[in-house]
Amino acid sequence: MTQHPDDKEPFYFAQRARFMDQLNLAAVGSAVSVSRHFIRLTLSKWHAKSIEGDATLVVSELVTNAVKMTGVLDRQPTWMELETLSLVTVRMIGLDTSVVIEVWDTSQQMPVLQKPDDDTEGGRGLLLVEETAKNWGSYRTPRGKLVWAEIPVPEAVPSVLPQRRKSARSNVRPAARADPWLLRSLLIGLQAI
Ligand SMILES: Nc1ncnc2c1ncn2[C@@H]1O[C@H](COP(=O)(O)OP(=O)(O)OP(=O)(O)O)[C@@H](O)[C@H]1O
Ligand SMILES: [Mg+2]
């Protein structure tokens with residue numbers, strides 16, 4: 001069997017991920033804005049907010065494409081459409097000096113970079129991704145495919161996730177309420193010994 005270029009594993013599969021986070025979504029229009037929130041929140045946790053603009057633009061284009069191909073972009077899907085929705089998964093992978101954004105969908109049709117002229121409507125999403133990301137590509141999976149884009153982080157991704165500050169009270173058990181009746185019974189018992 002000849003190997004299709006889309007079957008070649010993305011370069012980062014061989015690398016050690018420092019951080020990883022994943023969000024599973026139904027393939028509906030709101031997945032686009034939810035995935036942008038996910039990106040912002042995760043970059044903030046990873047102290048890599050400087051790439052927020054590029055990363056949200058890339059995820060918007062990739063998730064919109066995934067929903068367009070496998071789900072319902074319409075604002076008000078019908079019940080029938082909702083019952084048979086596919087999943088779209090967004091995964092973020094923190095490497096040493098970049099963040100990879102992956103969007104998985106259930107279609108085996110692969111993305112194709114367009115060359116739209118001024119009069120052509122559409123066909124610009126992947127061009128934007130190409131301009132914004134350092135690398136991008138797609139990879140066929142047994143049940144669909146993933147489209148990925150790598151965004152460099154100017155200041156290297158921190159090597160250790162920031163520690164959550166321990167609250168001064170976090171290890172303190174809630175104080176047991178003294179039960180006067182029990183205390184009195186104990187006292188009487190002790191006096192009787
Ligand atoms: N997730 C995907 N699954 C299948 N085909 C895709 C996917 N993403 C993109 N494609 C294909 O690649 C083409 C180019 O995608 P691109 O995002 O550049 O343009 P568009 O989605 O058609 O228009 P625009 O993004 O400007 O609204 C699409 O028309 C589609 O045929
Ligand atoms: Mg598009």
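How many residues does helix α1 have, and how far does it reach from its first C-alpha to its last? Select residues 30–45 in this predicted model. Helix α1 has 16 residues and reaches 23 Å, close to the 22 Å expected at 1.5 Å a residue.

**Stop 1: the covered face of α1**

Colour A31, S35, F38, I39, T42 and L43. These are the buried residues of α1. Look down the helix axis: they fall within an arc of 120 degrees, so they line one face of the helix. Now show what covers them. The cover includes β1 (19–26), α2 (52–70) and β2 (87–94).

**Stop 2: the other side and the end**

Turn the helix around. On the other side of α1, S30, S33, H37, L41 and S44 are exposed. Then step just past α1 to H47. Its phi is positive, about 55 degrees.

**Stop 3: strand β3**

Select residues 98–105, strand β3. Is β3 mostly covered or exposed? Mostly covered: eight of its eight residues are buried. Check both faces. S98, V100, E102 and W104 are buried on one side. V99, I101, V103 and D105 are buried on the other.

**Stop 4: the neighbours of β3**

A hairpin of three residues joins β2 to β3. The two strands run antiparallel, joined by six bridges. Pick I93 to find one pairing: its bridge partner in β3 is V100.

Next, select residues 144–152, strand β5. Eight bridges join β5 to β3, and this pair also runs antiparallel. Finish on V99, which stands opposite I151 in β5.

Conventions
Residues numbered from 1 in each chain as written. Chains lettered and ligands numbered in written order. Predicted model: local features only at pLDDT ≥ 70, side-chain atom pairs only at ≥ 80, totals over all residues. Helix = DSSP H or I, 4+ residues; strand = E, 2+ residues; numbered from the N terminus. Expected span 1.5 Å × (residues − 1). Buried ≥ 20, exposed ≤ 12 C-beta atoms within 10 Å, placed from the backbone. Arc of directions from axis to C-beta. Contact = placed C-beta atoms within 7 Å. Pairing = 2+ DSSP bridges.
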